[in-house]
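Please consider the structure shown below.

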Amino acid sequence: MADKIKRMLIANRGVPAVRIIHTCRDRGIPTVAIYSTPDRLAHHVMMADKAVHIGEAPPAESYLNMEKIIDAALETKSDAVNPGWGFLAENADFAQMVIDSGLKWVGPNPKVIRIMGDKIEAKRLAQKANVPTIPGISDVQDVDQITQWMDAEGVEYPIIIKAAAGGGGKGMVKVADAAELPMALAQAKSEAKKSFGSDVLLAEKYIERGRHIEVQIVSDNFGNVFHLFERECTLQRRNQKIIEEAPSPSIDENIRHEICFTAVRLMREIAYNTAGTVEFIFDSSTKKFYFLEVNTRLQVEHGVTELITGLDIVGLMIDVVEGSELALKQENIHMNRWALEVRVNAEDPKTFSPSFGTITRLQVPTGPGVRVATGVYEGADIPPYYDSLVMLLMTSGRTRDGAIKVMDRTLSRNFRAEGVKTLAPLLLSIIRHEAFKRGEFSTRFIEAHLDELVSTFRETDSQDEVLKIAKYVAEITALGPQEWM
Amino acid sequence: MDAAKIKKENWIRPGMTPAEMVKILRELDGVALTCTGMRDAGQSDFKNRHRIYDLTTLCPYYEDMMLFSSECHGGARWHVGIMNRKESPFEEIELLRKHMPSVLLQTLIRETNLWGYRPYPKNVIEYVVERVDIDVWRCFSFLNDVRNMRTVAEIVMQRGRLFQPAISFTQADWTTNDYYLGVVDDIVQLCAGTDEIVLCIKDMAGVGSPERIRSLVDAIKQKYPDLVIQYHRHATDGLAMPALLAAAKAGAKVLDAEEDSLTRFYGQAPILALQSYLEESGIKVVLNREMAVKAVQRVRDWIGQYEWAESPFKGFDHQVTFHRMPGGAFPSSFEQAQKGGFLHLMPSILQLMSLYNRIVKYFDVTPGSQITWVTCSGIINKYEKELGTAGVQHIIDLMTRFVLEKDQDLDAMEPEEQKEILQLFRNAPGDFKNLILGGYGRLPMGWPADWVYESTFGDDWQEKIKERDDSSPLESLKHDDLERISNDLGVTLGRKPTEEEFTLYLMHPKDTINYIDFREKYGESPLVLPTDVWREGLKNPGDKVEFELWGKPYCIELLSVGAEHEGLIHVVMKVNNKTNVYKVETPRAQKAEIRMASGEEEIGAPINGNVWRIGNPDRGTIKVGDIVHQGEEIANLEAMKMENAIIAPFDAQVEEIAVKLNDQVQENQLLFVLKKL
């Protein structure tokens, strides 16, 4: 029967850690945060009931340091470890270590993580479950192997090379023609090694102007597999998603039904037992979708699904770990609104180069239809060692247009961050773009429209303006009359 | 009409046609006044630093003062505005229109040079003049080359605004009444008669003796009785008042004056004093004295905050009748001399200027005055550097003899002296060279003597003389590609510029970019902060500054200023009750400068990141002196776990590696210096 979690250690930082702490708080589960030295004043540390210093800045010494994390869990008498997304979330060894230490692992069975983490194996299983897959080859070693496969199967450029163990765009390189191939292969190999500790690669046909659609699944240990509909995650830059929405504006009811139940079929086939996502690429010209991968974890964009269905996915994962059967019925899961999410990364909106430093001003959006998942607070530092996500802004409305309008209000009149650069101006330009409003975009949308997107004028309000004046007064007060006067 | 009986309802106001304005002035029994308090007063004695924040306090009085116009725009005010006050001339016009809608706004424009310092092509002049909302356009040429005024005149008159062509005045043996009548003939012809213009006599240095001015105004009135004449005069020689009276008696209808409390030495005459003096002499003046008194009084509220901007050279200077430095150039020249550490050379420079203007004949007013200044101060500085004080005296003596005694007859000088004179202009600025080749238009007394060319150009001088072209820049300059320039600005700003930003950019590109950056960073600070706070900030904890922004009340209060620590000063302020801490970097904090890549042989970082590899896995680390090949990876940066290969753009030898392994670098920071093979 239900074996309630008594204390949860969150093996993560920033936005995911904060997100999980919220649900734990709702359920009365005390939380333990971990932190690296530069994160000692981070938002998640202050929010948790307890915190443990886990090591120095480099991830390998802190958020990827498995022994230390398990020690921290044991020392704080935690009985469960929740990995969030990123870091160790899809590390089967870690999941196994957690379980072997007598702790509960908030995630799928380590075997499933291992299998689905191997892209080649995952593809084989998908084919076995009768799920359509993209033409490709596995275990790529050299250039010749790729060219032979392309000749044999009549595949044309572009192709994409990715880490078999990968995800999140890292170790993923698009190849436009034969000349680029050697360099691309070397880069993918090196990135794969660095990010995932394994340089096993695979190569696939690259679907131009493809749309990225994924299905949210929740399942339990009682053989129940439900889908919570799909999300559209097509808008990416450098293969990293920056705007997501649910449902997808690209598909109709028939395809929705087909894609969702295809995902259910696959997850049932692999005996999946928590929340997870099946990613597809959708070729809108042929209306065909192909299996990409399974994300065996909570995803960044899970919030939009929560908004359209009213379910708490983090809570459902805890239910499963606590041994409950999911109290859901597929026919009772409805979506009754449209939700949009933008990723407010600390990056230069024109060059995407990361922006570090102290957030000197942070105005968190409020108002009807807005959900905010923040990893920071005003005065917090953004260290250069980790991922650049600082806040997720989600909005919902009765229709897609309604959700976009709320997002416009949120970005133009509500959200403010100073001290570091954020993607906010770019995000605002995207959601105001006519093609975006019409739902016409592909994974290449941002590259294709970058010039017009970054040149859009930024809005200010009187509060922004008075702070500029105050900054001037402060500088002159400190420094006295200036040479240029 | 009797000047004393004119009411505001039947006085000149914006929206009237130029013909209506001219008619009122022609029928006026007495004189009207232009108040220069908002432009030339500030330019002549306060380096143009008077802020629109303070000037707008005068608007309510100007509104009822019954001025002919308020000279509030143009000259160097435009450039100093964006450079030093961080105000745009467009914002200023908008504010003045709002606060004194019944007053004619007047500008000063330099024919083809507009509000900049070089001749602009016709399409730029058209673009700019069409977009500036000014009622009275005083337009002058430092060469009195009326041809150069054509485009400004056409656009202004087409727009139904009042064109005020000016003759640049100086007192010299060659500037006779006949000479000026010739200039006036050209003007009357350009403007198709005298019905829609006011002619200005621009005595920018303040050198016209009362008798000389009487005679000139009289001569013009004899020939063109219907031509309305305005006399603009600086006070530098100390004789402004009698000269203004002489002009009025001879028939000038409009005179320039400024608030008595603004008056120093190089601007215009004091308005209240002028009115009394004229009336005592039997000349009626259109002026609401009560309002003028209030304006004069109001100036005293803020003028004390500009003491720092006043010229270090104080007092009238009758010697101006020889060196002819214009009032507007006085403070800026002395400022430059002070900054450059050669204030002690000013008497010598002014002496050389009085000789120089017998060698190259034009009028000392922008841009001519700058050419005179840079050329003469350059020569004196060079002599001082090479030969000390004695050298300076030597060149003054030599040139005095050559110009005054020998009338520039080179053969009358000793061979050694000839050699020296033929080197005099060798280091003259490019603008001087351009001027004597005709780049600005026709010189009023023709080309200077041949020795000037030999002295300037050396062996090539005869070739250069053949290049001389005295056609107007309006004909000789090719159109600028406005679309391309606008795109360039857009690229720099990362957004589309506004029409006003683009107009500013056409005139002063570099300063406009700085201005826009400043305003993006500091918003409306220049418009809302009182001058003491603008210049010095808040002094003591508890001091506050209150203002309205977009109709909302704001208050900034200083809580504390920390001591400097590691190059930072912490300033704590309350902004409408919310406490903010500002970390201000002191100049000392500016850390070791990061080298940026420029040019094709310097390879910069494409992103902010960490240099985790120098070289590539195939060949290992790359060292200085190694040969690298086009397309070869020479380093790799990592940011947020993404790799970015740095690729050699050509076959090259590594000259320098500017970073170390694991350095954190910023975008465009120099990584490698390569030598192309």
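Which residues in H24(B) meet residues in H25(B)? Glu501(B), Leu504(B) and Tyr505(B) of H24(B) meet Pro509(B), Thr512(B) and Ile516(B) of H25(B), contact being defined by C-beta atoms, placed from the backbone, that lie within 7 Å. This is a predicted model, in which local features need pLDDT of at least 70 and side-chain atom pairs count only at pLDDT 80 or more, while totals for chains, interfaces and linings use all residues. Residues are numbered from 1 along each chain as its sequence is written, and chains are lettered from A and ligands numbered from 1 in the order in which they are written.

Helix H24 (residues 499-507) and helix H25 (residues 509-522) of chain B have axes that come within 6 Å and cross at roughly 140°. H24(B) is therefore oblique to H25(B) (angles under 35 degrees count as roughly parallel, over 145 as roughly antiparallel, 65 to 115 as roughly perpendicular and the rest as oblique).

An automatic or database assignment supplies the domain bounds. Chain B is divided into domain 1 (3-309), domain 2 (340-475), domain 3 (538-591) and domain 4 (602-676). The C-alpha centres of domain 1 and domain 4 of chain B lie 62 Å apart.

In chain B, an open sheet is formed by four strands in the order S14-S21-S19-S16, with antiparallel pairing (two strands pair if DSSP finds at least two bridges between them). Strand S14 (602-604) and strand S16 (627-628) of chain B are the edge strands, each pairing on one side only. Strand S19 (residues 652-657) and strand S21 (residues 670-676) of chain B pair over five bridges, and Lys675(B) in S21(B) is the bridge partner of Gln653(B).

Key: Axes fitted to C-alpha atoms, helices over the stretch in contact; angles between N-to-C directions. Helix = DSSP H or I, 4+ residues; strand = E, 2+ residues; numbered from the N terminus. Contact = placed C-beta atoms within 7 Å.
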